[in-house]
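Dear colleague,

Please find the structure below, handed over for your use.

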Amino acid sequence: MSDLLHPEIPAGAYDAFLPAALDRAVTQRPWTPADGPLPALYLSHGAPPLFDDGDWLRRLFDWTQSLPKPRAIVIVSAHWEDAPLMLSAPAAKTPLVYDFGGFHPRYYQMRYETPDAGALTARIAAMMPDSEPLYQHPSRGLDHGAWVPLMAMYPLADIPVLQMSMPTHDPQRLLTLGRRLAPLREEGVLVIGSGFMVHGLPHITRDMMVRGTVPGWSSDFDRWATDALARGDVDELASYADRAPGMPYAHPTPDHFLPIFITLGAAENPEQPARTVIDGYMAGLARRSFELS
């Protein structure tokens with residue numbers, strides 16, 4: 001039996017998924033102002049093993065096909081923690097960041113060549129107050145917290161994408177940053193926080209990798225977060241480090257949970273119940289992903 005790091009055919013599920021996805025993607029209706037604001041999304045992004053999970057690929061793709069095609073995308077990933085606030089390079093076909101190790105060479109050869117995002121750069125810069133200076137990185141492309149899920153969601157790679165750094169671990173500051181991005185949704189821009197609902201990588205066992213065994217610390221944390229999201233309890237979510245069951249195993253570091261606050265902040269009302277679109281587990285880790293209007 002193969003495990004997540006050693007699939008029998010690396011990215012074979014993606015190869016099987018792609019032809020039909022491309023045929024559907026070309027028919028997706030573009031967003032118009034009559035559609036109103038796009039939702040704010042939180043993704044469990046999956047890393048290279050996403051490309052070996054056909055069901056997960058289809059669920060991500062079907063999610064975005066249920067929405068109008070955005071004019072642009074801004075995404076905050078767990079894998080770019082940098083202050084002051086920064087944006088990725090906007091040039092078309094900026095090379096990707098392959099910020100993972102131990103996988104088959106196939107995954108380092110994958111490409112996601114998006115169009116120029118200069119107009120989105122200017123728009124975001126204009127939205128930031130003097131107290132939140134914004135810097136343009138000259139060369140950094142999308143990291144795997146962005147390009148891996150986007151290859152499933154928008155396989156045509158024809159939408160301008162910018163990645164924004166996560167400049168703080170403070171949930172309140174991230175909520176504020178999300179609120180500053182919220183007006184973009186009314187302009188047909190999709191705002192995404194990309195992390196993983198449970199990310200206890202140091203505690204993964206072989207049973208989790210090969211058999212998908214779900215430990216209590218993963219399922220308990222997922223249930224707690226699901227309940228808080230259903231109640232719109234932002235304060236409870238912000239107190240995850242002290243209040244959530246399964247800690248610190250579920251999140252030995254905070255980076256994969258914190259993008260949730262970008263999503264909440266970008267929503268019309270962060271206290272509205274979230275709509276879960278993808279649930280279940282990857283290697284025993286909860287992969288819950290949701291949207292807010």
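How do the residues of the lining of the second largest cavity divide into nonpolar, polar and charged? They divide into six nonpolar, two polar and two charged, where Ala, Val, Leu, Ile, Met, Phe, Trp, Tyr, Cys and Pro count as nonpolar, Asp, Glu, Lys and Arg as charged, and the others, Gly among them, as polar.

On provenance, this is a predicted model, in which local features need pLDDT of at least 70 and side-chain atom pairs count only at pLDDT 80 or more, while totals for chains, interfaces and linings use all residues. Residues are numbered from 1 along each chain as its sequence is written, and side-chain values use heavy atoms, with hydrogens and water left out.

Cavities and pocket

On a 1 Å grid over the protein atoms alone, a cavity is a set of points where a 1.4 Å probe fits but cannot get out, and a pocket is an open set with protein on both sides within 12 Å along at least five of seven lines; lining residues have an atom within 4 Å of a point. Grid points are joined across faces, edges and corners, and a volume is the space filled by probe spheres set on the points.

The whole structure holds two cavities of 30 Å³ or more. The largest cavity has about 80 Å³ of space. Its lining comprises 13 residues, of which A89, T94, T114, L142 and V161 are the closest to its centre; nine are nonpolar, four polar and none charged. The second largest cavity, of about 40 Å³, has K69 and D158 among its lining residues.

The largest pocket contains about 380 Å³. Its lining has 22 residues, with A47, P49, F103, H199 and L201 the closest to its centre, and by class 14 are nonpolar, seven polar and one charged.

Helices (H or I, at least four residues) and strands (E, at least two) are DSSP runs, numbered from the N terminus. Strand β2 (residues 72-81) is largely enclosed by the rest of the structure, because eight of its ten residues are buried (under 20% relative accessible area, 1.4 Å probe, protein chains only). β2 runs parallel to β6 (residues 189-195), joined by six bridges, with I75 partnering I192.

G232, with a positive phi near 65°, follows α7.

Terms used: Buried means under 20% relative accessible area, exposed over 50%, partly exposed in between (1.4 Å probe, protein chains only). Two strands pair if DSSP finds at least two bridges between them.
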